[in-house]
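This briefing is meant for a reader meeting the structure for the first time. Please look over the sequence and the model before turning to the notes below.

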There are 2 protein chains.
Amino acid sequence: MTHAQRLANVRDDMQHQQLDAFVVPHDDEHLGEYIPPYAERLHWLTGFSGSAGAAVVLAGKAAVFVDGRYTVQVRHQCEAALFEYRHLIEQPALNYVLDELSSGARVGFDPRLHSRGWFDAAQKKLAAKGLELVPVTTNPIDRHWHHRPAPEAHPALLLSQEYSGQHSEAKRNRIAGQLAADHIDAQLLTQAEPINWLLNIRGRDIPCLPVVLSFALLHNDGSVQLFADPAKFEGLDLAAHSGHNVSLSPFDALESALRELGQNGARVQLDPATANAWSSLILEQAGARLVFADDPCMLPKACKNPVEVQGSRAAHLRDGVAVSRFLAWLDRRLSQPEPQLEDEGTLADKLQALRAENPEFVEPSFATISALGPNAAMCHYHHGNGTPRTLGQDAIYLVDSGGQYLDGTTDITRTVAVGEPDNEMRKLFTLVLRGHIDLACARFPAGTGGVQLDVLARLPLWQQGYNFDHGTGHGVGHYLSVHEGPQRISPKGSAVALATGMIVSNEPGYYRENAFGIRCENLEVVQPAETDGDIPVFGFENLTWVPFDHRLIDTSWLEHRHIDWLNSYHANVWEKISPLLSGDDLTWLEQATRPL
Amino acid sequence: MTHAQRLANVRDDMQHQQLDAFVVPHDDEHLGEYIPPYAERLHWLTGFSGSAGAAVVLAGKAAVFVDGRYTVQVRHQCEAALFEYRHLIEQPALNYVLDELSSGARVGFDPRLHSRGWFDAAQKKLAAKGLELVPVTTNPIDRHWHHRPAPEAHPALLLSQEYSGQHSEAKRNRIAGQLAADHIDAQLLTQAEPINWLLNIRGRDIPCLPVVLSFALLHNDGSVQLFADPAKFEGLDLAAHSGHNVSLSPFDALESALRELGQNGARVQLDPATANAWSSLILEQAGARLVFADDPCMLPKACKNPVEVQGSRAAHLRDGVAVSRFLAWLDRRLSQPEPQLEDEGTLADKLQALRAENPEFVEPSFATISALGPNAAMCHYHHGNGTPRTLGQDAIYLVDSGGQYLDGTTDITRTVAVGEPDNEMRKLFTLVLRGHIDLACARFPAGTGGVQLDVLARLPLWQQGYNFDHGTGHGVGHYLSVHEGPQRISPKGSAVALATGMIVSNEPGYYRENAFGIRCENLEVVQPAETDGDIPVFGFENLTWVPFDHRLIDTSWLEHRHIDWLNSYHANVWEKISPLLSGDDLTWLEQATRPL
């Protein structure tokens with residue numbers, strides 16, 4: 001079916017339902033960062049395959065909305081005859097609806113695919129101009145999507161306490177106690193990560209995100225009703241693993257469970273930013289009293305327990321071996337006569353193959369960014385979206401990658417010389433590295449948020465008149481999502497205090513359009529730090545152990561303490577990684593970790 | 001009249017008005033930081049003389065609310081038989097009312113003395129428990145306050161363009177243009193500072209704050225109705241100075257002007273955080289449509305024009321001479337046989353006398369903090385609230401002071417040795433100074449808020465396990481309030497971008513209870529900075545020129561760049577200040593500014 005036909009089919013359905021517009025987000029029912037292939041409705045309708053976006057279909061026209069990362073890609077993938085291109089942030093989809101339609105118009109949306117927060121804001125915005133927001137019971141796309149991918153059938157994994165460090169019962173009782181104290185009867189959980197963390201389960205339902213897609217109701221006595229595909233738990237004793245007050249039902253039992261809560265007049269808490277509108281509307285219609293609050297799993301999930309931290313250390317050692325072997329292999333390839341045979345794609349494949357030699361490796365934690373020369377200036381570049389660039393033309397190469405291991409999640413970026421970097425590149429690499437070091441060395445009192453520390457990674461660049469246009473650090477899960485909240489290190493809105501056990505990335509960068517890109521990224525875990533002072537302070541324990549490329553360092557842009565840090569870091573890399581290497585790889589590591 | 005009698009009189013009035021409670025804030029009609037003596041109602045009623053607080057009178061009991069600065073003072077000043085003591089922030093006055101009274105109770109307040117924002121929040125909070133918030137037409141305190149101080153009768157000053165740098169008409173037209181674009185008919189201004197800035201007038205109505213207390217309506221054609229005491233403008237041609245579309249009326253004409261706006265159905269903008277509830281309620285009752293927004297004068301007032309910046313530079317040179325002469329005199333006194341004759345009060349007087357030798361000096365910009373030894377550990381110490389401490393017992397002395405000059409406002413803190421400072425004191429002084437230097441050297445791109453830079457002044461302390469419990473920097477006016485917004489440098493809520501011409505203080509500190517206090521403070525003005533980079537960045541131009549005490553510096557806690565900065569700073573102090581000194585003062589400056 002062509003995209004023109006798909007659009008026509010959707011419009012037919014809209015006409016039957018008397019809708020003047022239909023909004024198509026890039027989201028599934030769980031409103032997480034990643035969606036499974038069967039939920040790629042935006043791609044089916046428009047052809048656009050990016051990781052964020054939306055579309056609006058009107059009777060006579062349609063528009064697709066993407067952010068700055070995808071302005072080129074959307075023009076390749078979506079037919080201009082069918083779709084206008086708009087900026088997702090600067091020209092929001094609802095504004096398009098308001099510009100194009102007038103009072104009385106009916107705007108359809110699938111309430112499963114939008115958050116309660118979006119619904120409340122959208123309804124208010126449309127109502128102010130006399131437009132009506134209309135939830136559809138059947139998504140027009142689903143009716144016409146033939147050959148739709150089936151949901152993944154991978155079995156669930158019951159994550160043993162050896163990995164999780166805390167029994168589900170302890171996690172559930174702690175949060176249930178908070179709910180009871182706040183006079184909440186039940187917490188509705190609709191995102192996969194908190195549920196998988198809470199029950200110590202994992203899955204393979206989404207590439208790179210090791211979760212069982214599910215919904216859950218956590219009651220204030222600690223019991224949980226889990227809604228997921230029971231086939232994934234066949235042969236597994238969930239009750240013995242997670243607790244006898246954890247029950248499993250198929251997805252379609254959720255609606256009646258919500259109605260039952262409502263009929264009992266229960267006070268049900270949910271996070272309007274992540275819970276879908278559908279579930280909260282069902283609850284309300286049935287008589288539940290809704291309480292809007294942050295998901296109470298997020299903070300305890302972010303603060304890793306000692307077993308999770310120890311697992312992350314172990315995963316990072318294995319990952320450090322794989323990335324070091326990759327960089328050693330790359331240097332050997334470059335010294336051979338025909339290095340230009342390798343391209344960004346084969347480089348990424350090689351790195352993944354080295355990671356996959358570990359039995360604990362499950363899958364990548366995100367799609368590897370393997371970017372040569374000017375491609376590295378695009379922060380979210382993927383070599384699969386065009387013709388991969390080949391070794392031999394560029395001075396520097398950026399590789400941002402990570403792995404999901406049974407005991408932890410990794411994420412590392414290294415920028416290395418693959419040609420002849422000039423002084424400007426070395427200056428900028430050194431300024432980025434200096435910011436990385438300054439943040440890594442920071443100590444800070446209780447209550448300090450990432451917004452306060454962000455400047456430390458930027459200041460060396462700022463002092464010389466440079467900057468980078470992304471956050472400095474994101475939270476990282478434990479064998480879970482490589483991006484997690486609530487903590488982050490960024491210039492805006494990251495006031496959540498950094499606390500013991502939180503894992504964050506430290507990844508300043510610099511990007512020169514059409515020329516090159518630089519990023520230095522390690523993961524770090526927040527730990528108490530010893531001082532002679534009069535207040536307790538925290539610092540970062542480094543998790544990632546792979547050399548930074550000496551060939552890109554210009555020491556005239558560093559102070560003694562930065563050089564001391566680098567020498568100490570590289571001595572640690574040698575001590576931790578060298579016992580796990582041999583032959584040419586070991587020889588490479590020895591020279592890569594020599595003191596400056 | 002005793003405080004018991006005053007309380008009884010207020011309770012009589014409450015009974016006549018059928019009020020179960022009456023709320024007494026520490027504010028006047030203008031809701032600025034400082035209030036004139038005739039508005040010290042809280043002091044009249046309770047005896048408490050601090051700069052922030054509140055009281056609640058019930059039929060059978062009463063409470064006074066103060067913050068952490070005043071917990072000792074309130075016990076000295078308020079009779080425990082009449083008032084309970086509560087914490088202003090942790091036990092807010094409205095919670096006391098809610099705890100003590102039940103549904104149906106009537107809570108009186110004077111709508112002139114509370115902001116519209118407070119009114120809306122309080123009404124909602126009380127209504128949730130069935131209590132009624134009742135505006136009084138006559139404040140019971142005013143009816144019983146005999147021998148009340150009269151308002152200041154100082155004449156107004158028309159600030160010439162030589163000082164202001166911009167005609168009132170230009171300021172008014174710029175803001176009026178914004179109002180017109182936003183379909184606002186008029187802006188209500190109720191704080192004194194923006195009105196005095198807008199009309200290029202000054203006064204002496206409040207100690208340390210050189211303003212004419214007034215209200216104003218700025219219409220979207222640029223015209224202004226000013227409401228103030230006309231006696232202060234006798235013999236002055238306000239229209240010739242500020243513009244012919246500026247009219248002056250007495251205070252009691254405000255109400256009819258507000259009613260007239262309302263009757264015309266005008267859209268009137270006001271800042272709910274600063275506009276009093278009374279004026280907004282009058283407007284609403286009369287039919288006006290209220291628009292709540294930040295006061296549009298605040299940002300242009302904060303961004304000083306080049307003439308104001310040049311004036312501030314000149315004021316700081318004069319101020320630097322006075323403070324340097326004071327420190328030179330202090331060192332000479334200490335080398336004499338009986339330095340213990342001086343106490344914190346006489347030291348403060350000496351400093352003020354030296355400032356007053358300048359013809360451009362008008363008054364202090366705030367009450368000098370002159371604090372020896374342990375007294376300096378109290379951030380808001382004032383020697384007038386007890387027996388001043390005498391020289392001779394302590395190792396270090398902290399003096400935080402400033403002046404109002406016709407061309408600018410100053411604010412400087414120096415901490416100096418007056419005995420034998422130990423290594424711990426020198427370490428902590430050096431860490432504080434290092435933070436001061438790191439912030440002073442920062443460059444940053446457009447859009448950077450003070451919340452992002454605050455860490456730079458704290459990090460040297462944090463690294464060693466220390467911190468200080470106040471913001472790092474506040475905005476400073478131009479011959480106006482020494483504390484102004486919207487910019488500030490602090491860990492919380494200071495996202496307003498620093499922009500060219502903003503003056504801010506840079507004042508990290510360290511306080512050890514019952515032992516000593518340290519603070520290093522200069523004022524700095526935001527200016528564009530030159531780099532070789534690819535984005536425009538800003539930096540700080542230093543305004544304050546007085547030596548930092550070498551005797552308190554332990555260079556082992558500094559890096560080379562800090563020592564370079566200090567040597568360069570002291571060379572500048574010598575170059576700028578030495579031509580204005582002579583004799584012993586000049587000799588003192590020479591040794592005080594020698595390179596480290």
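Pro486(A) has its place in strand S23 (residues 484-489) of chain A, where helices (H or I, at least four residues) and strands (E, at least two) are DSSP runs numbered from the N terminus. This is a predicted model, in which local features need pLDDT of at least 70, side-chain atom pairs count only at pLDDT 80 or more, and totals for chains, interfaces and linings use all residues. Residues are numbered from 1 along each chain as its sequence is written, chains are lettered from A and ligands numbered from 1 in the order in which they are written, and side-chain values use heavy atoms, with hydrogens and water left out.

**Confidence**
- The mean pLDDT of chain A is 96, and 99% of its residues reach 70 or more, pLDDT being the predictor's confidence in each residue, from 0 to 100.
- For the complex, the predictor gives an ipTM of 0.91 and a pTM of 0.93.

**Relation of the two chains**

**Peptide bonds**
- The bond from Gly485(A) to Pro486(A) is cis, with omega near 5°.
- In chain B, a cis peptide bond joins Gly485(B) and Pro486(B), with omega about 5°, and Pro486(B) lies in strand S23 (residues 484-489) of chain B.

**Positive phi values**
- Most residues other than glycine have a negative phi, and most peptide bonds are trans.
- Cys208(A), a residue other than glycine, has a positive phi near 75°; Cys208(A) sits in the loop between strand S9 (201-202) and strand S10 (215-219) of chain A and is buried, with a relative accessible area of 14%.
- His183(B), which is not a glycine, has a positive phi of about 60°; His183(B) lies in the loop between helix H8 (168-181) and strand S8 (186-189) of chain B and is exposed, with a relative accessible area of 59%.
- Buried means under 20% relative accessible area, exposed over 50%, and partly exposed in between (1.4 Å probe, protein chains only).
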